[in-house]
Amino acid sequence: MTTLMRLQHVNYQVGDKLILNDINLAVPAQAQLTVTGPSGGGKSTLLRLMAGMISKTSGDLQFDGQPIESYEPTWYRRQVSYCFQQPTLFGKTVADNLAFPYQIRKLPMDQQHVEAALDYVGLSASLLTEAIDDLSGGERQRVALIRNILFLPKILLLDEVTAGLDADNKAIIHRWLTHLNRDRQVTTIMITHDAEEIQAAQQLVQVMNGQLEV
Amino acid sequence: MNLAVNNTSLFLAAFLVLVALTISLWQKLGLDRDIVIGVVRAVIQLFVVGYVLKYIFRVNHFWLTLAMIMFIIFNAAWNAKKRGDGIDHALPISFVVIFVSTGVTLGVLVLSGAIRFIPSQMIPISGMIASNAMVAIGLAYRSLKTQFHDQRQGVLERLALGAGLMDASIAIVREAIRTGMAPTIDSAKTVGLVSLPGMMSGLIFAGVDPVRAIKYQIMVTFMLMSATSLGAIIACYLAYRNFYNAKKQLK
């Protein structure tokens, strides 16, 4: 299996504080990697580095065999897509959010594709005109996740996206992530504190005090 | 001429400053020092400007008039820059913006025959345009800074979805332009109803027929619309990129 993302001796420092310390990790294509560890240990920072939202202080971070700095940042973030724990929805309606990935690619929204995606996560097409303020927590998270996959990335970085959701919502998201991974070849890297998700992990790493333990 | 202000009447009017000073001391506002400095500065600046303008008007020289306009533009840019504290290159951006918005607006006024290229018309009008552009830019800068701070999460999410810098910032940029233009639009709506603005008041004071005076005020309303909208839009478009680094990450 080819390595899609590789980190070698990666450090991330803010001022004098070393947030990530000598991280070495190889993520094979189509892997399902679960990242866990105590709060403040550096998990989110690790994912944000991988997403190109922040830059490492030193070390080597490669995507598809090339240093990530060699890619155009916008293009890269469409390949390695980061999903936030508590997403902000844009505009006024659900449609405003799902049109956004099309808008930034200067394309008209593909209604059928959007409705199919909504349907897959158990949301009705009528939700498109719904005001974002009227959505439940689980609906918000699902709408936010759809934004990330309307154009499939190579890697989906998920930062505790199921935290605070009920069992039904979690189950929907798990089923969907498995589908993306298995059927659509999307590599997923997911941060979680959830015991069941840790139990079900295919490949588990732990980030503690800025260091990675496999 | 109806004008009757003399040194004695000015001196007596200066007692009005005591009203502000008394309020500051009585209410413990701590503004007394600023009031004194402000008043002294205003008096000195205006006296100097009065004599400088008198000289410039008398010699009526093309390059001297232009130099005075550039001086006004630079000062306006310097002041706008202070509002843009924390935005990289705020001074050159402000200078370019005020130069363009003042230049375009003045150009239209001169070419349309609304004003003539003589110092007594060009300099006061440039001052009005530049100062309004300055305020518009200052408001736009402040709005950009506040929004990039308050909406940080939203901007990060747009970037994470693969948005370019413009797509990630457009909502903020639009709001900042709106904020910059709002005072001019608001005052255009109430002009003549709430206040008789400076241009018109000045002419009426000097004994000009109010019906003629309003024509100048209408011209001022038009030119300020142009100056503030140009100022706000150019400033926002030039400044928003400075909130990101070369790797298209939010600073």
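Nine residues of domain 1 of chain B touch 10 residues of domain 2 of chain B. Keep in mind that this is a predicted model. Here's a quick tour of how those two domains meet, and of the largest pocket, whose lining takes at least three residues from each of them.

**The two domains**

- Chain B splits into domain 1, covering 1-59, and domain 2, covering 61-243.
- Going by C-alpha atoms, the centres of domain 1 and domain 2 of chain B sit 26 Å apart.

**Where they meet**

- Between them, domain 1 and domain 2 of chain B bury about 770 Å².
- Carbon and sulfur atoms account for 79% of that buried area.
- As for salt bridges across the interface of domain 1 and domain 2 of chain B, the count is zero.

**The largest pocket**

- The largest pocket holds about 900 Å³ of space.
- Its lining is made up of 25 residues, and the ones nearest the centre are B:Gln45, B:Leu46, B:Val49, B:Leu53 and B:Met68.
- Three helices of chain B each give two or more residues to this lining: H3 (32-59), H4 (62-83) and H6 (119-150).
- H3(B) is the top contributor to the lining, giving 10 residues.

**What the lining is made of**

- Sorted by type, the lining of the largest pocket has 16 nonpolar residues, six polar ones and three charged ones.
- Both domain 1 (1-59) and domain 2 (61-243) of chain B have a share in the lining, with at least three residues from each.

Methods. Residues are numbered from 1 along each chain as its sequence is written. Chains are lettered from A and ligands numbered from 1 in the order in which they are written. This is a predicted model: local features need pLDDT of at least 70, side-chain atom pairs count only at pLDDT 80 or more; totals for chains, interfaces and linings use all residues. Side-chain values use heavy atoms; hydrogens and water are left out. On a 1 Å grid over the protein atoms alone, a cavity is a set of points where a 1.4 Å probe fits but cannot get out, and a pocket is an open set with protein on both sides within 12 Å along at least five of seven lines; lining residues have an atom within 4 Å of a point. Grid points are joined across faces, edges and corners, and a volume is the space filled by probe spheres set on the points. Helices (H or I, at least four residues) and strands (E, at least two) are DSSP runs, numbered from the N terminus. Ala, Val, Leu, Ile, Met, Phe, Trp, Tyr, Cys and Pro count as nonpolar, Asp, Glu, Lys and Arg as charged, and the others, Gly among them, as polar. Domain bounds come from an automatic or database domain assignment. Contact means heavy atoms within 4.5 Å. Buried area is the accessible area (1.4 Å probe) that two parts lose on being put together, summed over both. A salt bridge is a side-chain nitrogen of Lys or Arg within 4 Å of a carboxyl oxygen of Asp or Glu.
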